[in-house]
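Good morning, colleagues. Please bring up the model; I shall speak about helix packing and then about a sheet.

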Amino acid sequence: MCEDEKELLAYLVTSAAGLSGEPAYYGQLRLLDAAGKYIRILQKNGNQNAEELEQIQRSLLEARKCCGKNESEFSERMQKPVLQLLDLQ
Amino acid sequence: MHVEFSDVIQKRRSTRKFTDTRISRDVIKELIRAAQMAPTASNLQAWRFIVADDLVIVKQVCMFSPGISGHPPVVIAVASDLREVEERGSENSIRYGCMMDAAMAAENLMLAAADRGLGTCAIKSYNPTAVKKILRIPDYFRLELLVTLGVSENETAAPARKPLEKVLFWNSGDERNV
């Protein structure tokens, strides 16, 4: 397991352990950040979908800006990375 | 580089992106001295500051602290020595006193850091079991919060504050009297 993979695993497990005491939207934040970390791992490993992954990463960062602040805006913005993933070959 | 205190209050931000500039132990000691000047209930001074500035250890702490972001070069664990409480404290010290004291000390630390142009962030999202093991914190130290420290990579605007009229009450907390 490389360092980045270990970090991601620790991040997911630690988040699961701690989320019950935290604000509800932290769940979404943790998932977004974990997705971002996983994308970086894929990019480092030279994944063939480099361009698409970069776009998904940007969409996730855009959505993150309204996470916990504006639920409807967040929901709307999240549709973009969902659709980008759908198009991923 | 010291600034007016009122400017320090305005300047302080929660930093979530750090440069890789290292912070000297002399500077960190000054910040801890500032933290020590905060009041404590019954003058308990039960706080203990475990400073991680070894990058390998900092990385491990960050791995088990989902609330930490931006690769800080320093993480300060603020703990309460519960032996002090047993000796000179009370039930209330355990229930809320020590936590209050740790928070006030952390705020002093963060303002002292802002005064020196450094960034900090108070962190409560971490796994205490893992962090205590990584930093070899004894069982009788209760971990209250973490504070990340370093040079901010970017300047951020302060989140808007509620209007004063919403939070300030004179002589009565009854909202119907406002």
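In this predicted model, helix α1 (residues 3-18) of chain A packs against helix α2 (residues 25-44) of chain A at an angle of about 170°, with the axes 10 Å apart. Axes are lines fitted to C-alpha atoms, for helices over the stretch in contact, and angles run from 0 to 180 degrees between N-to-C directions. α1(A) and α2(A) are therefore roughly antiparallel (over 145 degrees). Helices (H or I, at least four residues) and strands (E, at least two) are DSSP runs, numbered from the N terminus.

Contact means heavy atoms within 4.5 Å. On the α1(A) side, the residues in contact include L8(A), Y11(A) and L12(A), and on the α2(A) side they include L29(A), A34(A) and I41(A).

Residues are numbered from 1 along each chain as written, and chains are lettered from A and ligands numbered from 1 in the order written. Local features need pLDDT of at least 70 and side-chain atom pairs pLDDT 80 or more, while totals for chains, interfaces and linings use all residues; side-chain values use heavy atoms, without hydrogens and water.

I turn to chain B. Four strands form an open antiparallel sheet in the order β1-β2-β4-β3, where two strands pair if DSSP finds at least two bridges between them. β1 (47-52) and β3 (119-123) of chain B stand at the edges with a single partner strand each, so one side of each has no neighbour in the sheet. The twist averages 25° from one strand to the next. Eight bridges join β2(B) to β4(B).

Key. Parallel < 35°, antiparallel > 145°, perpendicular 65-115°, else oblique.
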